[in-house]
Amino acid sequence: MNCPLCQSKSKFVFKIHGYDLMDCTVCSHRFVKLEVDENHTTAIYDDTYFYNGGAGYSDYALESRLLRKRGRMYAKKIAKFSAKKGKVLDVGAAAGYLLEGFIDEGWIGSGLEPNRTMVENGREKLGLDMQLGTLENFETSEKYNLISMIQVVAHFWEQKKAFENARNLLEKNGLLLVETWDRQSVSAKLFGRYWHEYSPPSVLHWFSLDGLTEFLKSLGFERIAKGRPSKKISGKHAKSLLKHRLGNHFLLNLIPENINFPYPSEDLFWALYRKI
């Protein structure tokens with residue numbers, strides 16, 4: 001299978017849950033060998049992903065306060081590089097909790113999400129402008145000053161098409177914010193194939209900061225900022241993720257579900273890009 005970013009040949013790395021993970025022989029991008037389309041996204045991110053645990057959430061609503069706080073955090077980071085607060089499109093917005101954080105800081109927000117239940121929750125319970133669909137096929141006459149992709153680029157079913165569409169949706173000098181897992185992190189190197197973020201078919205791609213930057217440079221973006229994000233998850237969510245990866249280990253019963261735990265920031269990176 002050719003690399004989904006640069007179309008070069010790839011080589012087999014190892015197998016996870018019956019899926020082959022591949023590395024591009026030219027750009028080193030890591031991806032799962034799997035032919036997918038938009039139906040894959042809607043199937044994987046159905047209601048069970050947000051409420052039944054596993055690789056998803058045991059109860060997505062429990063993360064609302066934390067996600068809204070992270071939205072405000074990113075809005076404040078962006079304010080250091082752009083004083084203009086215009087329209088933001090949050091891709092993979094779920095119910096829109098993170099989007100609320102941007103709105104709190106003065107942005108005019110819209111969300112894009114493939115799960116219909118989440119879209120309806122955002123519209124009816126939060127009063128947000130929510131659109132149903134995936135970025136790869138999203139069409140609108142609107143132009144945005146910022147597109148945010150928080151923990152979503154690893155799930156795109158067609159990477160190049162998604163980022164090309166993002167560029168078309170941005171105003172001149174518009175900004176693109178990405179947060180994703182770092183396949184070059186210390187824990188990723190330490191745990192190898194047992195790294196907790198190797199979880200196909202939910203996760204399809206694993207980026208490094210330099211790899212993502214080089215790819216986006218080829219599409220007309222320049223990186224203007226980067227960093228390691230602070231992040232917390234609920235004990236219930238942490239317990240669900242560990243159970244999915246480790247099975248019913250007795251030690252998981254010791255995790256308190258009503259306490260928020262810090263997520264290892266070195267496992268993630270964020271980067272801000274400008275359309276040029």
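The model is predicted. Its chain holds nine helices and 13 strands. Of the 276 residues, 52% are buried. Among contacts between residues at least 6 apart in sequence, 69% join residues at least 24 apart. The accessible surface is about 12900 Å², and carbon and sulfur atoms account for 50% of that area.

**Salt bridges**

The count of salt bridges is 10.

| Pair | N to O distance |
|---|---|
| Lys 15 and Asp 20 | 2.4 Å |
| Arg 68 and Glu 100 | 3.6 Å |
| Glu 222 and Arg 274 | 3.8 Å |

Lys 15 is partly exposed, at 40% relative accessibility. Arg 68 sits in helix α3 (residues 64–79) and Glu 100 in helix α4, so this pair ties together parts 32 residues apart in sequence. Glu 222 belongs to strand β10 (residues 221–227) and Arg 274 to strand β13 (residues 268–275), so their bridge links parts 52 residues apart in sequence. Glu 222 is partly exposed at 33% relative accessibility, and Arg 274 is partly exposed at 23%. Through shared partners, salt bridges also join Arg 68, Arg 72, Glu 100 and Asp 104 into one network.

**Helix α4**

Helix α4 spans residues 97–104, and six of its eight residues are buried, so the helix is largely enclosed by the rest of the structure. The buried residues are Tyr 97, Leu 98, Leu 99, Glu 100, Gly 101 and Phe 102. Just after α4, Gly 106 adopts a positive phi of about 105°.

**Asp 90**

Asp 90 lies in strand β4 (residues 87–91). Asp 90 is buried but has no salt bridge, and the nearest side chain of opposite charge, Arg 70, is 9.4 Å away. The side chain of Asp 90 instead makes a polar contact of 2.7 Å with the side chain of Ser 148. Leaving aside residues up to four places away in sequence, Asp 90 touches Leu 98, Leu 99, Ser 110, Gly 111, Leu 112 and Ser 148.

**Surface patch**

Leu 190, Phe 191 and Tyr 194 form a nonpolar patch on the surface, with about 400 Å² of accessible area together. Leu 190 is in helix α7 (residues 186–191) and is exposed, with a relative accessible area of 64%.

Methods: Residues are numbered from 1 along each chain as its sequence is written. This is a predicted model: local features need pLDDT of at least 70, side-chain atom pairs count only at pLDDT 80 or more; totals for chains, interfaces and linings use all residues. Side-chain values use heavy atoms; hydrogens and water are left out. Helices (H or I, at least four residues) and strands (E, at least two) are DSSP runs, numbered from the N terminus. Buried means under 20% relative accessible area, exposed over 50%, partly exposed in between (1.4 Å probe, protein chains only). Lys and Arg count as positive and Asp and Glu as negative; His and the chain ends are not counted. A salt bridge is a side-chain nitrogen of Lys or Arg within 4 Å of a carboxyl oxygen of Asp or Glu. A polar contact is a pair of N or O atoms within 3.5 Å; within protein, one must be able to donate a hydrogen and the other to accept it, and residues adjacent in sequence count only if both atoms are side-chain atoms. Contact means heavy atoms within 4.5 Å. Patches are made of residues with over 30% relative accessible area and no salt bridge: like charges are joined within 9 Å, nonpolar side chains (Val, Leu, Ile, Met, Phe, Trp, Tyr) within 5 Å. Accessible areas come from the Shrake-Rupley method with a 1.4 Å probe; for residues, only the protein chains shown count as cover.
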